[in-house]
Amino acid sequence: MLTITDLKASVAGNDILKGVNLSVNEGDVHAIMGPNGSGKSTLANVLAGHPAYTVTSGTATYKGENLLDKEPHLRAREGLFLAFQHPVEIPGVTNAYFLKNALNALREHNGEEPVDAVEFRTILEENIRIVGIDNALLKRPVNEGFSGGEKKRNEILQLLVLNPALAILDETDSGLDIDALKIVASGVNHFRADDRAVVVVTHYQRLLNYIEPDFVHVLMDGRIVKSGDRMLAQELEARGYDWIRDELSEGDAA
Amino acid sequence: MADEPKTETMDAESAIQNEYRWGFSTDIEQDMAPPGLNEDVIRLISKRKNEPDWLLEWRLKAYRHWLTIKEPSWATVHHPPIDYNSIIYYAAPRKKKLLESLDEVDPKLLETYEKLGIPLDEQKMLAGVAVDAVFDSVSVATTFKDTLAKYGVIFCSFSEAVQEHPDLVRKYLGRVVPPTDNFFAVLNSAVFTDGSFCYVPKGVRCPMELSTYFRINAKNTGQFERTLLIADEGATVSYLEGCTAPQRDENQLHAAVVELFAHEKATIKYSTVQNWYPGDENGKGGIYNFVTKRGRCDGDHSHISWTQVETGSAITWKYPSCILKGDHSVGEFYSIAVTNNYQQADTGSKMTHLGKNTRSTIVSKGISAGHSANSYRGLVRMGPACNSSRNHSQCDSLLLGDQAAAHTFPYIDVQNPDTTVEHEATTSKVNDDQLFFLQQRGINPEDAVSMIVNGFCREVLMELPMEFAVEARKLLAISLEGSIG
């Protein structure tokens, strides 16, 4: 589904990604872990096409096409979804109105009829139950006055309603208490399916107690330096990141 | 309370069309005065319109006063000097006889209205909107007059009112905006050619929304229309005004006057969607929209509400105002002003509190994009006798890009300590993260801007009558096309 080859990117003139290789297949859940400043969020934003990031070399192929050439809204319409670390507020635009417009943009792209009011209500009701947010939040402006946890759950609501092929979660667990974390994880698990893939970007292992990854990668200084299964995440939780750094420098010395 | 906006966002295709869509002009024989302004031209206008002597004298008095005053220069707008002697002050489509029905209206005129989307044809009028269409200086068709007549509501062109209801016109004309008011209003008083007149009698709730569509067509003509709207005791009326003009390279002057008069317990709601030609993307051409709009809450418990969506004109100079004379009277001003490219807008409101327990609200949303300049200018005056009166003003500016300017000039004049005046102002920028967020959800960049802007304007859009709100949303999107990279 997604193949990243030797991807390099910079922001404001600073090189952040220094040659990332990653392959994500349908049905996979990948966790990308790493210390602060290693480039995790940069990778997520570059894949979604944030204008602040510049790709300097390398490729990313999504569903057999060059992803990096496409405008952000076209990437989204083709099924790439980014759950934001810091969801923004859109004053005056109600959550439901925004979601309906986003859903219809996707439907139009797929040659489908716009969603009617009854169908849309059904979709919303089904999904707000899963993410456990209050019906009233749908009528409020997008993220305005939402608590940190509500914002993150709202991201998962968007994920479920828009139903993409590839979901990238950028530090979705940050700032969540354990109950909210469980709800967010159950939303993601609900989304999980054989024809969909998930990339979870996280600093901590704790989210991975609830979303079991198939693969775990360690991103450090702009490169994926170690990959493994979920045992790797547990090892990182227990030992931190320094031992990998040590391992790497030993490797360099040899 | 409607929680979810009732209208859909416009489709992407129409959002991409980047031209001024109302920029066609109609080729019709015109009856014109020679360019220039003098007493003879005024006499000619008055004669053509078969006006009584008092009205001619009223015009001449205004003209003589106009000769003694100077064009104001305090607004934050810049333009080359206007040559008032190169303007044609009277242009009328030549008509053979009085029109009995729409069938007799020149098909070219009807075609023009169709392009504008005005539902002149009575059969098409599903929404029950009565239209008094002003084509250049002469009103050509008035619909639903009969229905209105049943309620005793008078709704006709200004010229017709002068002929049919001279006493009412004489009683109210100039009571709110006197013929010696500001420079542009005085000019209008001297040379106005037509406009709309409305009188809603005591206790009548006008059964439909009234609407006027103004249009400047002839080249080098100024349009000076005059609107007079009177709501008698306990009457209620909602009036919609929409404006467009053809695309021309020269600048055209539009100096209108609107007077609203509300008696005891009367309510007037006046909504405008102004979409005059704004000039091209280099600032060439466009309308100078120098308009005086004022309402007088004369009676106790009267209520006047102005709502405006200003997206057009090269320069806008406009301050819809309320004089709150009656005790417990209420004045409101809700405004969205959008400027793009090289447009300039200096707009706001004036609330003059004279009666006791009067209340006023100002909500102004300014959006500037491109190289444009957008100023809010407002005056809240608390007179010496207006005990227990309140004003709340909220002025928000939204900037798109880094070349646009936003200014706020609030003037507050309090002569009574027993009053409350509140002013809030914010300035914000549409930021890349908001745009990226919406795009990441599949919304294209133009629609993303439109959604953010619509959200910013929501409080004001909700004040508009339904059918106008739809048009306003589309206009906002069209006006801001190309405003993001």
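Let's start with the fold: chain A has 8 helices and 12 strands, both taken as DSSP runs numbered from the N terminus (helices H or I, at least four residues; strands E, at least two). This is a predicted model, where local features need pLDDT of at least 70, side-chain atom pairs need 80 or more, and totals for chains, interfaces and linings use all residues. Residues are numbered from 1 along each chain as its sequence is written, chains are lettered from A in the order in which they are written, and side-chain values use heavy atoms, without hydrogens and water.

**Exercise 1.** Find out how much area is buried between chain A and chain B.

*Solution.* Step one: count who touches whom. With contact meaning heavy atoms within 4.5 Å, 36 residues of chain A meet 24 residues of chain B.

Step two: get the area. Buried area is the accessible area (1.4 Å probe) that two parts lose on being put together, summed over both. Here that's about 2,600 Å², with carbon and sulfur atoms giving 63%.

Val88(A), Ile90(A) and Tyr97(A) supply 22% of the area that chain A buries against chain B, more than any other three residues.

**Exercise 2.** Track down the salt bridge across the interface of chain A and chain B.

*Solution.* Step one: apply the rule, a side-chain nitrogen of Lys or Arg within 4 Å of a carboxyl oxygen of Asp or Glu. Across this interface, the rule finds 1 salt bridge.

Step two: name the partners. Glu155(A) and Arg441(B) pair up through their side chains, at 2.7 Å from N to O.
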